[in-house]
Amino acid sequence: MREVAIIGVGMTKFGKFLDKSIKDLGQEAIWKSIHDTGIDPKQIQAAYVGNGLAGVITGQEGVRGQVILRHAGFSDIAIVNVEGACASSTIALREGMIAVGAGVYDTVLCLGVEKMFCYDTSRTLFALSTDTDIETMGGIGFTFVAKYAMDMRKCMEKYGWTQEHFAIVAAKNKYNGSLNPFAQYQEPMTVEEILNSRVVAYPLTLYMCSSPADGAAAVIICARKSAHKYTSKPIITIGACEISSIHLPNFQAKTPGDLDFEAYELPVKAAYEKAGVGPQDIEVAEVHDAMSPAELRGYIVLGFCKGEEIPAWLNQRKTFLRGDLPVNPSGGLAARGHPVGATGLAQISELVWQLRGEAGARQVLGRTGKGPRIALAQNAGGFIEGEPAVSMCTILKR
Amino acid sequence: MSDQKQRILIKEGWFCIPDAPGKEPYLIGSKCSQCGYTHFPKIVACPVCRKDGVMNEGPLSRKGKLDSFTVAHQGPPGFETPYIQAYVLLPEGIKIFTLIEGVEPLDNALKTGQEMELIISKVREDENGNEIIGWKFRPTTEARIKEGI
């Protein structure tokens, strides 16, 4: 496999854009990512397009990527559509990376796009319920917020986490989001405001949770060795982009209430191994926190610390913007917004900006104080039974 | 066509509804004849052995233990809120997603590990008002007495 580099990134602001279609959102991110490089757009040979819900929300069930790319002014390139719920666009990145790595293409566009707002909230809720096995979950009342609530409740019992810890991490991310011009929610919030907002599913309150969002994010990738031809900016290498799906739960009867993070951990371990780094090397991370408290589970899954250590970590502000290991400088899913099919590449875009030193007011400093060199994104999509349907981890290096 | 609401099963063949007083409902799963892996709903091949032709259908335990629960204040169309979502762990090692009946939708209504039993009941109504029938769980009488609920 050839090494693969990211040479351009671009995203729309995330938010509620009733007047914008997936075509409008997609083309904006695509052209921003092109202008972020010096590439001649005619050199783009293929596009991998991740989207989760357009079929249900907009009715555009088929040929989504082709419809978007044509609107964006492209013709005669290979277009591949991928879907994996909230991990759709990280899958697009991975597929693009494999194609470039294998030498099939030299320059590839990866896009994530989602439109969740329509004029019918119940349609949006129904669409989300389809990111499960609808026969055993989505069709009989399962909701993502309740699944996260149950997981966090178990963590409270096992690790002694409290609802206040959850509000602290949510407030941290709301603050980070307030510094991010692309974020859906740019208002900082106090721990009290978050704790006192209405309970959606105990222990989760409204302001701990992501809400529907519209948006798109795109990256341009190429062979590492030719990256200098297309950009004068720091070149970001994809150290690893690993995936695991439908992990088989341990079938020995377990104790009720037991936590099992194995499905989340598998791609993380694989990514560390492939990239030749470990948790101690990570200087900034974007963690999949559809509900902010899930970021805390991320610290365990990524090998940053043990569950019992997390209250102290929060106390020491370790994962805050100026801490030793900033997590979700973008604001994470709850503050930046979670247009599900765009989230993966929004994480990647944020990390590229951080690694290049282009993240503005939310720029993290890294170990040396000269900006981070190694970054990690963790992303997951859908649920089947008790497990994530897709679990992913990407490591980027400057 | 009658105006009567119909009762529609989530899926034929996934559970057995008692046909006489004194009989109990049960879920139908499948068990690998080689390694013992058991799955609900029934599947055609064993994912541990990755082999077909080894799974045998059979009834699953009617009772399990509460793994986790929460009171959902927001749900998909067709569900009246608040309602309890939960996972119940069956002795076969299956963690099954389920709604809970028989207790108030309160944050302290249930305890991790308490004994739960299967019932077949209305899960939701469809857009035409038909009743969609499937599995749910409720605390067993013994568990109610023990937990004082």
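Two strands pair if DSSP finds at least two bridges between them. Keep that idea in mind as you look through these views of a predicted model.

**View 1. Strands S1 and S8 of chain A meet side by side.** Residues 4-11 of chain A form strand S1, and residues 236-245 form strand S8. The two strands pair in the antiparallel sense, over 2 bridges. Look for A:Ala5, which stands opposite A:Thr237 in S8(A).

**View 2. Chain A as a whole.** Stepping back, you can count 13 helices and 11 strands in chain A. The radius of gyration of this chain is 19 Å, close to the 21 Å that the globule rule gives for 398 residues, so chain A is as compact as a globular protein of that length. Its C-alpha atoms fill a box of roughly 55 × 50 × 45 Å along the principal axes. Buried residues make up 59% of the 398 residues in chain A. Among contacts in chain A with a separation of 6 or more, 78% join residues 24 or more positions apart.

**View 3. Chain B touches chain A.** In this view, 37 residues of chain B are in contact with 33 residues of chain A. Strands S8 (63-72), S9 (83-89), S10 (95-99) and S11 (115-125) of chain B each give two or more residues to chain B's side. The largest share, 8 residues, comes from S8(B). By class, this side of chain B has 19 nonpolar, 11 polar and 7 charged residues.

**View 4. A close look at B:Ile132.** This residue is found in strand S12 (residues 131-139) of chain B. B:Ile132 counts as partly exposed because it has 17 C-beta neighbours inside 10 Å, while a buried residue needs 20 or more. Leaving aside residues up to four places away in sequence, B:Ile132 touches several others, including B:Ile8, B:Ile10 and B:Val123.

How values were computed
Residues numbered from 1 in each chain as written. Chains lettered and ligands numbered in written order. Predicted model: local features only at pLDDT ≥ 70, side-chain atom pairs only at ≥ 80, totals over all residues. Contact = placed C-beta atoms within 7 Å. Helix = DSSP H or I, 4+ residues; strand = E, 2+ residues; numbered from the N terminus. Nonpolar A, V, L, I, M, F, W, Y, C, P; charged D, E, K, R; others polar. Rg over C-alpha atoms; globule rule 2.2 N^0.38 Å. Buried ≥ 20, exposed ≤ 12 C-beta atoms within 10 Å, placed from the backbone.
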